[in-house]
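Hello,

Here is the structure I said I would pass on. Please look through it first, and then read the notes below.

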Amino acid sequence: MTVPAFEEYVPAIDCTCAGCAAQRRTAASALPVRYGGHPAAHGARRALVLVTAAGVVLGSGAVEAASAAGAAGDRAAEAAGAVRADADGDSPQGGPGPLRGGGASGPPSSTTTTPKLRKSSRADIINRAKKWVSAQVPYSMTKYWPDGYRQDCSGFVSMAWNLPGNEWTGSLAAFGTRIAREELQPGDILLFHNPADPSKGSHVTIFGGWTDYTHTHYTAYEQTKPHTRKKTTPMAYWTNSGNYVAYRYKGLSGGSAGSGSSVTGFPGAGKFGPGASNAYVTRLGRMLVERGGKRLYRVGPGPGWGEADRRATQAFQRAQGWKGKEADGIPGPDTWRLLVNGTGHDIPGTGNGSGGGSGTGAGHGNSNSDSKFPGRGYFRSGQSNSHVDRLGRQLVKKGFGKYYTSGPGPRWTEADRRNVEAFQRAQGWRGGAADGYPGPETWRRLFG
């Protein structure tokens, strides 16, 4: 018999009062055994369900415990979820379950002993993540986006990894291979699951690339309140940083899962060039394709070195502002490091999402003036150069300088970012397309 969940007995997940907090703790202790709950607590919960179903009038003390009993269906998933109590957002999650709505039906993917993994490239994973960022998918533990995935942190990763069902932090690791943090590449995840008490801090983010050479911050794609976001985040997260574990999707195409250590370090220039044929050439080509070099390959990439590999490598090197021998089309340690870590500037003018902001979005197409854009790397925290100064002066000229209390000047500041964001929003762009970081289209419209 299904017991209805009455709102007055169910603690609001975003309420900070002592009563609701106590009820959420009680709910966490009453998790089903399959979600990590204690058998004794589960038995007590079943007894409370029977009491509630019989219509027994409960005292005030029993009402607090009964709130867990009345939480059927998605409310039970709320208890199974993880509440992250940090100042930067709150991301409780639901439990394992099938896709909803337009998605496939069937049992949760984590209940199958040998789940069939769908092949997915790093570019596919990041592009799926960007779709939710651009759409600003509202956070919810109980609602599902039209693609069938639950609108919480683990549902978001399930979507990006193209899993056959909705997972949670307690089951996502089964679909990945643990890797070292220094091996992280775009599309991998950073996962913290607290098995002792899933309601304390459990969370998961998608790694989008290092933001600088120090590897102290990275671009995180995550589902948190109020909606999906892309944000520079300290390694590994704002809270419980030491407890996050890096995982790589087992179904990743373009290399076996967990092989990061074999391809992360630069293998040496001898692996590339005329006559070379090996897995490193294939890896190089696929990374170049992900960074905008697809148009330079008529076939492949493959293990045999060809002119397409040289041209794509040279295009990437020139995108960094390198010239002469530094842009000879043969990868060196610096070229390899930028490609593996997902940093540096993309190959311009390829139609692969190199738009106005740092992500994709409406109004961020290619333009004939892409070559005039100096590159995104000049507009980041800690940068100081003439391009930042030129950008600021043009923003003021166009009427978008209200956030400057002094300057503008050559050092990139939050005022620069907010003024760029204001300009991007004035173009009608939203989400990742208006993140405050200039891309080729933003640049073209400012200086065109």
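**Salt bridges and confidence**

At 4% relative accessibility, E441 is buried. The cut-off for that word is under 20% relative accessible area. The partner of E441 is R444, and the two form a salt bridge in which the closest N and O atoms are 2.4 Å apart. R444 has a relative accessibility of 33%, so it counts as partly exposed. Both residues belong to helix 13 (residues 440-447), where they sit three residues apart, about one turn of the helix.

Please keep in mind that this is a predicted model. In total, the structure holds 13 salt bridges. Side chains of opposite charge can pair when their charged atoms come close.

Two other pairs are worth a look.

What separates R417 and E414 along helix 12? They are three residues apart, which means about one helical turn. R417 is buried, at 17% relative accessibility, whereas E414 is partly exposed, at 44%.

Now to the confidence of the model. The chain has an average pLDDT of 75, and 69% of the residues score at least 70. Which elements mark the two ends of the range? Among the elements of the chain, helix 6 (residues 153-160) has the highest mean pLDDT, 96, and helix 3 (residues 60-69) has the lowest, 37.

Two stretches need care. Over residues 102-114, pLDDT stays under 50, and the model has 18 contacts beyond four places in sequence for them. Over residues 255-263, pLDDT also stays under 50, and here the model has 17 such contacts. Where pLDDT is low, the predicted coordinates should not be read in detail.

Regards

Conventions
Residues are numbered from 1 along each chain as its sequence is written. This is a predicted model: local features need pLDDT of at least 70, side-chain atom pairs count only at pLDDT 80 or more; totals for chains, interfaces and linings use all residues. Side-chain values use heavy atoms; hydrogens and water are left out. pLDDT is the predictor's confidence in each residue, from 0 to 100. Helices (H or I, at least four residues) and strands (E, at least two) are DSSP runs, numbered from the N terminus. Contact means heavy atoms within 4.5 Å. A salt bridge is a side-chain nitrogen of Lys or Arg within 4 Å of a carboxyl oxygen of Asp or Glu. Buried means under 20% relative accessible area, exposed over 50%, partly exposed in between (1.4 Å probe, protein chains only).
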